Amino acid sequence: MQDSPEMESARIAPHSELSLISQKTQRSHSSQISEERVRLMSALELNDELEDVETAIRSYSEELIQQLAIRDELEFEKEVKNSFIAVLIDVQNRQKVHREMLKKKRKVKSASIGTFSGSICYVTTVIPYERKDGPPSLQDLQIFTKILEAMRDDSDKVPSLLTDYILKGNSSTTNRMHTI
């Protein structure tokens with residue numbers, strides 16, 4: 001899946017901001033006040049230096065908080081996408097196994113003369129999805145994951161989950177539809 005333009009800019013911007021912070025830090029280290037000079041400074045000059053240091057600390061703290069928030073958002077996005085992919089693969093594997101079992105049953109059925117009774121009928125489920133300019137949103141992926149988990153577990157909730165998804169307007173039947 002491709003990242004949205006916002007996520008891409010969020011990844012690029014922090015690196016340039018971090019290099020800017022790094023440059024500021026290097027400058028502050030190169031212009032550090034010597035111990036002798038500090039002893040000769042007046043209380044007013046020391047207060048000015050203290051304010052500069054406190055301002056820098058606040059600035060770095062705010063930047064750190066912003067970077068941690070971005071990291072958390074990216075980790076959440078990664079978890080949602082990984083969950084979706086894992087459940088989708090599980091469902092696809094179950095469908096494959098089911099198709100193989102049907103082929104084997106057909107071979108056995110055609111080879112036997114008697115009638116085959118008690119066959120199991122599975123309903124295939126299609127999740128409607130309107131393809132937009134980019135990848136599905138995280139909210140859509142969470143909904144798809146929930147539906148796929150219910151499908152994987154043969155839950156009775158599948159019809160109601162699909163109905164809720166469709167009725168909430170997350171898909172449009174007027175445009176081209178794709179299945180997941």
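Student: How many salt bridges does the count come to?

Tutor: Start with the general idea. Side chains of opposite charge can pair when their charged atoms come close. The rule here asks for a side-chain nitrogen of Lys or Arg within 4 Å of a carboxyl oxygen of Asp or Glu. By this rule the count comes to seven salt bridges. Keep in mind that this is a predicted model, where local features need pLDDT of at least 70, side-chain atom pairs count only at pLDDT 80 or more, and totals for chains, interfaces and linings use all residues. Residues are numbered from 1 along each chain as its sequence is written, and side-chain values use heavy atoms, with hydrogens and water left out.

Student: Which side chain meets Glu-35 in a salt bridge?

Tutor: That of Arg-39, at 2.7 Å from N to O. Both residues lie in helix H2, residues 35-40. They are four residues apart, about one turn of the helix. Helices are DSSP runs (H or I, at least four residues), and strands are too (E, at least two), numbered from the N terminus.

Student: Is Glu-35 buried or exposed?

Tutor: Here is the scale: buried means under 20% relative accessible area, exposed over 50%, and partly exposed in between, with a 1.4 Å probe and protein chains only. Glu-35 has 54% relative accessibility, so Glu-35 counts as exposed. Arg-39 counts as exposed too, at 65%.

Student: Which residues are linked in a network of salt bridges?

Tutor: Arg-71, Asp-72 and Glu-75. Within it, the side chains of Asp-72 and Arg-71 meet at 3.6 Å, N to O. Asp-72 is partly exposed, at 43% relative accessibility. Arg-71 is partly exposed, with a relative accessible area of 43%.

Student: Which side chain meets Arg-152 in a salt bridge?

Tutor: The side chain of Asp-153, at 3.2 Å from N to O. Arg-152 is partly exposed, with a relative accessible area of 23%. Look next at Asp-154, in the loop between H4 and H5. Phi of Asp-154 is near 50°, a positive value in a residue other than glycine.

Student: Now the rings. How many aromatic pairs does a search of the whole structure find?

Tutor: First the rule. Rings of Phe, Tyr and Trp (its six-membered ring) pair if their centres lie within 6.5 Å; planes under 30 degrees apart count as stacked, over 60 as edge-to-face and the rest as tilted. The search finds two aromatic pairs. Phe-84 and Phe-144 form a tilted pair, 6.4 Å centre to centre, with 50° between the planes.

Student: Which parts does that pair tie together?

Tutor: Phe-84 lies in helix H3 (residues 43-111) and Phe-144 in helix H4 (residues 138-152), so the pair ties together parts that are 60 residues apart in sequence. Phe-84 is buried, at 6% relative accessible area. Phe-144 is buried as well, at 0%.

Student: Why is the pair of Phe-144 and Tyr-165 edge-to-face?

Tutor: Because the planes stand at 70°, with the ring centres 5.4 Å apart. This pair links distant parts of the chain: Phe-144 in helix H4 and Tyr-165 in helix H5 (residues 158-167), 21 residues apart. Tyr-165 is buried, at 2% relative accessible area.

Student: How many residues has the largest nonpolar core?

Tutor: The general idea comes first. In soluble globular proteins, nonpolar side chains tend to be buried together. A nonpolar core is a set of buried Ala, Val, Leu, Ile, Met, Phe, Trp, Tyr and Cys residues joined through side-chain atoms within 4.5 Å. The largest one here has 17 residues. Those with the most contacts inside it include Phe-84, Phe-144, Ile-147 and Tyr-165. H3, H4 and H5 each supply at least two residues of this core. H4 gives the largest share, six residues.

Student: How many helices and strands are there in the protein?

Tutor: Five helices and two strands. From the N terminus on, the elements run α-α-α-β-α-α-β. Of the 180 residues, 17% count as buried.

Student: Where does pLDDT stay under 50?

Tutor: pLDDT is the predictor's confidence in each residue, from 0 to 100. The protein averages 78, and 67% of the residues score at least 70. Over residues 171-179 pLDDT stays under 50. Where pLDDT is low, the predicted coordinates should not be read in detail.

How values were computed:
Contact means heavy atoms within 4.5 Å.
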